[in-house]
Amino acid sequence: MTDTTEKAAAPPAPGPAVPGPAPAPRTARLWRGATPWLFLLAPLTLLIVFTYAPIANMVAYSFTDWDGVSPELHYTGAGNYTELFTRSDLFEVFWVSGYYLAASVVQIVAALYFATVLSFNVRFRNFFKGVLFFPYLINGVAIGFVFLYFFQDGGTLDSVLSLFGVHTDRAWLGTPASANTSLAAVSVWRYLGLNFVLFLGAIQSIPGELYEAAELDGANRRHQFRHIIAPGIKPVLSLTVILSISGSLSVFEIPYIMTGGATGTETFVIQTVKLAFQFNKTGLASAAAVVLLLIVLAVTWVQRRLVPDDKVDLV
Amino acid sequence: MNRRTVLAITTGAALLLAACTGTGGSSKGAEAKAPDDPSEVSGTITVLTHRTDLVQDGTMKAYAAEFGRTYPKVKVEFDAVTDYEGEVKIRMNTENYGDVLMIPGVIEKKDYPRFFASLGTPAERSKKYRFTDYTTVDGKVYGQSPLGAVPGFIYNKKVWQRAGITDWPTTPDEFLADLKAIKSRTDSVPYYTNFKDMWPLTQWTQVNGSVSCDEQATTRLAEGDPWAEGADLRTADTLLYDIVREGLVEKDPTTTNWEASKPRIAKGEIATMWLGSWAVIQMRGAAEQAGADPDDIGFMPFPVQRNGKFCAVALPDYNQAVNIHSEHKEAARAWLDWFTDKSGYAADNLALSPLKDAPLPDVLAPYEEQGVELLDLDDTKGAEVKAIDNRSEVGINKPDYRQDLVDLARGATKGSLDDFLAGLAKKWTDTQASLGS
């Protein structure tokens, strides 16, 4: 114990504020070098224990035929990966991601629009900000259940539509196209707030004088958006696009809770979960998860190549 | 740290973790002997159960108190698990999974000797108990279901009567005609799929045995084609397909609700559901709560007859077993035996008793009157069926293929029933061939 107190007391001594010709003692220097790492200890431990160790474990499982519970597991080499790539039906589910990709275009455009509008002085500005961001705060499971009632036969959506005299007699989750569109719409509703906040933050970091100057030069709102806002938030925009694409490839929560992947709404992650927990093919499912991870990394890499992250220079 | 060291460390960690995953399984072949003297056994045992409802309302505690009269030195504690399958499966990677537990469905039969203590030989147990071969591995029995159920149609008697139907249908066609009569003469939904909650659809697999009236139905699943002409599953799936095709189901199957369906059948808004005798008590309960007459809930067998007789299979619920790592195996065994033989758990649930000489429950009284033959399926090949099922990803006990079937029938996806069933049959028989080789 005394040892530690001694050490802990030591560091202030060699600080630049303290005059004296003697160089800092060895232990003190070591201690100073270790300080940032000590602060990082907690987050790094969490990161390793809950992110990197499970990933390493998953990679290890992907080379076995483990069923998820049996104490017996065998090394199968690249067997799972071979199976994965020789079964085209396992990749067909990526078509479903197309719906979510299309939805994320809508989502980004809408978020950008709202962020731009609300960054200017509008009445009830904060209220609208809250309304837009609120869905993102709700638990995904709750959202799934709420929207099940929403899409039910004679549910919220139908009653709202009938208020306007529209009497649709359709099962919203009934056919693959309509079910996927409905689910994608739910995910737009849910994630719009996040994109909106990111954009709003970026827009507000643009110095206000620029708008004033532009206005003096006779630029209207549209010009301001095109020449000030759009270039100003480019890094955030490209980040959002990356997040949307990887998000579309790995959709899970909403379709899993609402339809369980029935009626053609199965996504790659749902399929992986079913392989692991329904058919007890934990090895194959781990391989599928690794492949998805690689796909997402590859997409991100390509995108960074296409749209390099150059410095924003507004002036 | 440069990039290469990071890579090396990660790879090292991966290999290390891979080495750690092969755990357990050293103690094998332990036995949980029935205690000779009830007053001598002692210890505190934990019972894992999926019946969260019974733990919450104190029913389990009442059983434990009753048990304590015979075994004064044994203390029983309950651990109710909501997501039983998912959670217990993970806990079973350690040694700490209670003293007594229900065997999760995912545990492969061949692994039973690693996880559970044996209860004796099938020869001695099958004299007294049903369902013995469901847990028999290499001449030892590892579990005992505390109750059994008989699959069948739950129906609202009043609605069926109102449609002018007095007798149970004896063929699938007759059944369809009856549902059509219900649709045209009453306001009820003739058949409710419970599509969204998924598991009710898996119940259709339990038709297996009722059509062929053959105790070897499971063996034929393992060795033959379940979707061959006239086979049990083909008959069941065709009936389900026809019911949906004819529009005799709820308007929007994708947003069904299991909890809400119970009072609805009690009130006669729904006429029929394929479930099992276990559901009758729940429906009657729902009827009482909804202010309807519990006696309206009826129960009928699958509409197929052999030699003028209906057949129905007796199926076990979760099988109860003793943890091989338990420190109080005798006490655990005492609980298991007492719960099976003396607790009255089966009777309380209007379920089939696992004791062979026990009388049939009231629910099945109509079965007795009509002379429905009750089959005990031979489950010797049960493990093979499960292996084929998982390997082929057909999932006869999983909801996916029946959901696809319903989608096909209501025209949400394109294709013909024959092609669909042929596709399933191909996957199934191909896997049989690859496992056999």
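Helices here, at least four residues long, are DSSP runs numbered from the N terminus. The model is predicted.

I'll start with the interface between chains A and B. On the chain A side, 42 residues are in contact with 38 residues of chain B. The buried area comes to about 3,100 Å², and carbon and sulfur atoms give 54% of that. Three residues stand out: Val69(A), Pro71(A) and Phe279(A) supply 21% of the area that chain A buries against chain B, more than any other three residues.

The rule finds 4 salt bridges between the two chains. One of them joins Lys251(B) to Asp153(A), with 2.9 Å from N to O. H2(A) gives the most, 5 residues. By class, the chain A side has 23 nonpolar, 11 polar and 8 charged residues.

Next, the second largest pocket. Its volume is about 1,200 Å³. The lining has 39 residues, and those nearest the centre are Asp89(A), Glu266(A), Gln271(A), Asp404(B) and Lys427(B). Both chains give helices to the lining: among those with two or more residues there are H5 (94–119) and H14 of chain A, and H19 (417–436) of chain B. Which helix has the largest share of the lining? That is H18(B), with 6 residues. The lining divides into 14 nonpolar, 11 polar and 14 charged residues.

Key: Residues numbered from 1 in each chain as written. Chains lettered and ligands numbered in written order. Predicted model: local features only at pLDDT ≥ 70, side-chain atom pairs only at ≥ 80, totals over all residues. Heavy atoms only, no water. Contact = heavy atoms within 4.5 Å. Buried area = accessible area lost by both parts, 1.4 Å probe. Salt bridge = Lys/Arg side-chain N within 4 Å of Asp/Glu carboxyl O. Nonpolar A, V, L, I, M, F, W, Y, C, P; charged D, E, K, R; others polar. 1 Å grid on protein atoms, 1.4 Å probe; cavity = no way out; pocket = protein on both sides within 12 Å on 5 of 7 lines; lining within 4 Å. Points joined across faces, edges and corners; volume = space filled by probe spheres on them.
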